[in-house]
Amino acid sequence: MSLTKFPRRLALDGDAVVKEALRRLEQPSRRLFLQRSLTLGGLSLLTGCAIVDEDSVEHALMKVSRFNDKVQGWLFDPNQLAPTYPESMITRPFPFNAYYGEDEVRQVDAGSYRLEVSGMVADKHAWTLPELQALPQTDQVTRHICVEGWSAIGKWGGVPFASFLSRIGADTSAKYIGFKCADDYYTSIDMPTALHPQTLLTLSYDGQPLPPRYGFPMKLRMPTKLGYKNPKHIQAIFVTNTYPGGYWEDQGYNWFGGS
Amino acid sequence: MSDDTRAIHPVWLRATHWLNALAVVILAMSGWRIYNASPLFDFTIAKGITLGGWLGGAIQWHFAAMWLLAANGLVYLLCNVGTGRLARKFFPLSPRAIVADLLAALRGRLSHADLRHYNAVQRAAYLFVLVDAVLLVLSGLVLWKSVQFPLLRELLGGYETARRVHFFAMAALVAFVAVHLVMAALVPRALLAMIRGR
């Protein structure tokens, strides 16, 4: 994984080195999350002692997060559409965001690309890019909201996910749909969101084939969920009743991540 | 007032006050860490006074304490309205009375002899922070669920405006707490009354 391997650079570029160093300073602090980041921090500073056992606090907060998943599932209205915007309001340039830097964007070969489909589906054949492109497409201009707080408006085009799921004969009574990506990212979503009319298997951005930095050849775009729930470079889709977790979710981000 | 043994503050008020204080401290400190992930303005909050360690941890704290704030706030409002305390303690209230009491306070002539009686500045401040907390909850709901609460989202001017509303409502709450702590330090009997009731 990119955090532990040191890139071999023959010529050192000053800016790049500083940027890399800053990124690494930020990343390990995320890694420490499960070990110590949920200390009572400032609260224990205020009292001058650790007032609560850390493991039990982490456990309790995780439980509340699972409870919040349930509340969000209950609040989710399958007919409630996210607002759409005129193309003049598109954020340019649309920000790049991933768990790695933009210089590490994965290049996926269009010719050899196959989308694997597995789990509780009738048709498990792998899809080529031309096959996906031949499906009926639609597009939408919606707001992408990041868990960090910022938001940006973009235009995504592709195949409504509900129609794709019905095409592959997915069992829509299943609880989860999981995604595995070419950049080693993975995540999973609930079935009601998967069937939401604005959930798109995105093949294009702003009228152009989806560029690598936005997830070539395909990303799942859900304006009803936060950015980290929208996987890029999707290679495999599976329908399951076993909780698949996710890259950030396993570290503590809320699983439902709805908006 | 020496032979008056009635509690100055009823138990439900003291309980909801301290639970609210706990919720506010957790929400503010974790909220500052969340703010740092994508600062709205040209500054960040010192990491030492934030809670959660990283964005994911801060969000867990924030979205746990929000239930405490909301549930406790609801109990407070129901008791306050239901017992008639809200109407009795906070009204009447006029701008003229607020200005008069504020001037008296600045001259050091505002009496705190009877802690049962809220002067006009106290009434205004406590009502303000009550409304501010409601605004924090509503703008927070828009940030959490901007798609699911379309009416609330539009009332608050959309997602990005709601972010700013949430921030400034937080700043107002923190300013209130700062003044509130100074006043409690100046009139320690008020702090004792909020703990033991007398």
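In which kind of crossing, left-handed or right-handed, does α1(B) pass α2(B)? The crossing is left-handed, meaning that the near helix is turned anticlockwise from the far one by less than a right angle. This is a predicted model, in which local features need pLDDT of at least 70, side-chain atom pairs count only at pLDDT 80 or more, and totals for chains, interfaces and linings use all residues. Residues are numbered from 1 along each chain as its sequence is written, and chains are lettered from A in the order in which they are written.

**The helix pair in chain B**
- The axes (lines fitted to C-alpha atoms over the stretch in contact) of α1 (residues 11–37) and α2 (residues 55–82) of chain B come within 8 Å and cross at roughly 150°.
- α1(B) and α2(B) are therefore roughly antiparallel, a label for angles over 145 degrees.

**Nonpolar cores**
- The largest nonpolar core has 32 residues, and I26(B), L27(B), A58(B), W61(B) and A65(B) have the most contacts inside it.
- Such a core joins buried Ala, Val, Leu, Ile, Met, Phe, Trp, Tyr and Cys residues through C-beta atoms within 7 Å; buried requires 20 or more other C-beta atoms within 10 Å of the residue's own.
- Leaving aside neighbours within four places in sequence, A65(B) is in contact (C-beta atoms within 7 Å) with A23(B), I26(B), L27(B) and S30(B).

**Where the chains meet**
- Chain A gives 34 residues to the contact and chain B gives 26.
- On the chain A side, the largest share, five residues, comes from α4(A).

How values were computed
Axes fitted to C-alpha atoms, helices over the stretch in contact; angles between N-to-C directions. Helix = DSSP H or I, 4+ residues; strand = E, 2+ residues; numbered from the N terminus. Parallel < 35°, antiparallel > 145°, perpendicular 65-115°, else oblique. Contact = placed C-beta atoms within 7 Å. Buried ≥ 20, exposed ≤ 12 C-beta atoms within 10 Å, placed from the backbone.
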